[in-house]
Amino acid sequence: MKTICTLLILAITQLCFSQNWEQLEKEYLDIAKKKNNEVLKEKHSLISKLVDKSIDKGNELMDIKKYQEALPYFKDPINITKNVLGVTHYNYSYLLSKISKVYLELGDYKSSESYQKESLNAVKERVGLKHKEYANALLLAAIFYNKIGD
């Protein structure tokens, strides 16, 4: 069991550094069908950490205004976050929000708006309408519309 976990961790690490998120997601879902909950919890935690690292790198690039370079660090892990961690995981709505912000900075308002709406819906689903996090998401949406002039 320990050997299997070690091999899985090595495989995930290798895939993460090669930015092959689709392969990582496929392997996770294959293992999810075969292995017990202990292995899945460990892998779930590892995937969450890898997504966090990708987000950190994207944020670093945004801080120095390299928006086009930052975009893959937010977009690439979105599917594995949605399918493995779930749409109620904080990273899912956060990634959507960051993608919206990148598109906004790049002047692609249509794409930005689409991700902004999806992010708002994800926050609403996770915390509900009467939560301060949802109020903050509404404020960000208002700032977005103010910036694009709608």
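**Stacked tyrosines and a nonpolar core**

Tutor: Let's start in helix H6 (residues 90-106), where Tyr90 and Tyr94 sit four residues apart, about one turn of the helix. Keep in mind that this is a predicted model. Searching the whole structure turns up three aromatic pairs.

Student: What makes the Tyr90 and Tyr94 pair stacked?

Tutor: Two checks. Ring centres have to lie within 6.5 Å, and here they are 5.6 Å apart. Planes under 30 degrees apart count as stacked; these are at 25°, so the pair is stacked.

Student: Why is Tyr90 called partly exposed? And what about Tyr94, buried or exposed or in between?

Tutor: Buried needs under 20% and exposed over 50%, with partly exposed in between. Tyr90 has a relative accessible area of 44%, so it's partly exposed. Tyr94 comes in at 23%, so it gets the label partly exposed too.

Student: How do you know that Tyr103 and Tyr115 are stacked?

Tutor: Run the checks again: the centres are 5.8 Å apart and the planes are at 25°, so this pair is stacked. Tyr103 belongs to helix H6 and Tyr115 to helix H7 (residues 109-127), twelve residues apart, and the pair links distant parts of the chain.

Student: Why does Tyr115 count as buried?

Tutor: Its relative accessibility is 19%, and the cut-off is under 20%, so buried it is. Tyr103, at 10%, is buried as well.

Student: Which residues touch the most other members of the largest nonpolar core?

Tutor: Phe74 and Ile99, out of 21 residues. Helices H3 (37-63), H4 (67-75), H5 (78-85), H6 and H7 are the elements giving two or more residues to this core. H6 gives the most, with six residues. As for Ile99, leaving out residues up to four places away in sequence, its contacts are Leu71, Phe74, Lys75, Ile78 and Tyr115.

Student: What makes the buried residues of H4 line one face?

Tutor: Those residues are Tyr67, Ala70, Leu71 and Phe74. Looking down the axis of H4, they fall within an arc of 120°, so they line one face of the helix. In general, an α-helix has 3.6 residues a turn, so residues three or four places apart point the same way.

Student: And Asn59, how do you know that this residue is buried?

Tutor: Asn59 is in helix H3. Its relative accessibility is 16%, which sits under 20%, so it counts as buried. Leaving out residues up to four places away in sequence, Asn59 touches Phe74, Tyr94 and Lys98.

Notes
Residues are numbered from 1 along each chain as its sequence is written. This is a predicted model: local features need pLDDT of at least 70, side-chain atom pairs count only at pLDDT 80 or more; totals for chains, interfaces and linings use all residues. Side-chain values use heavy atoms; hydrogens and water are left out. Rings of Phe, Tyr and Trp (its six-membered ring) pair if their centres lie within 6.5 Å; planes under 30 degrees apart count as stacked, over 60 as edge-to-face and the rest as tilted. Buried means under 20% relative accessible area, exposed over 50%, partly exposed in between (1.4 Å probe, protein chains only). A nonpolar core is a set of buried Ala, Val, Leu, Ile, Met, Phe, Trp, Tyr and Cys residues joined through side-chain atoms within 4.5 Å. Contact means heavy atoms within 4.5 Å. The arc is that of the directions from the helix axis to the C-beta atoms.
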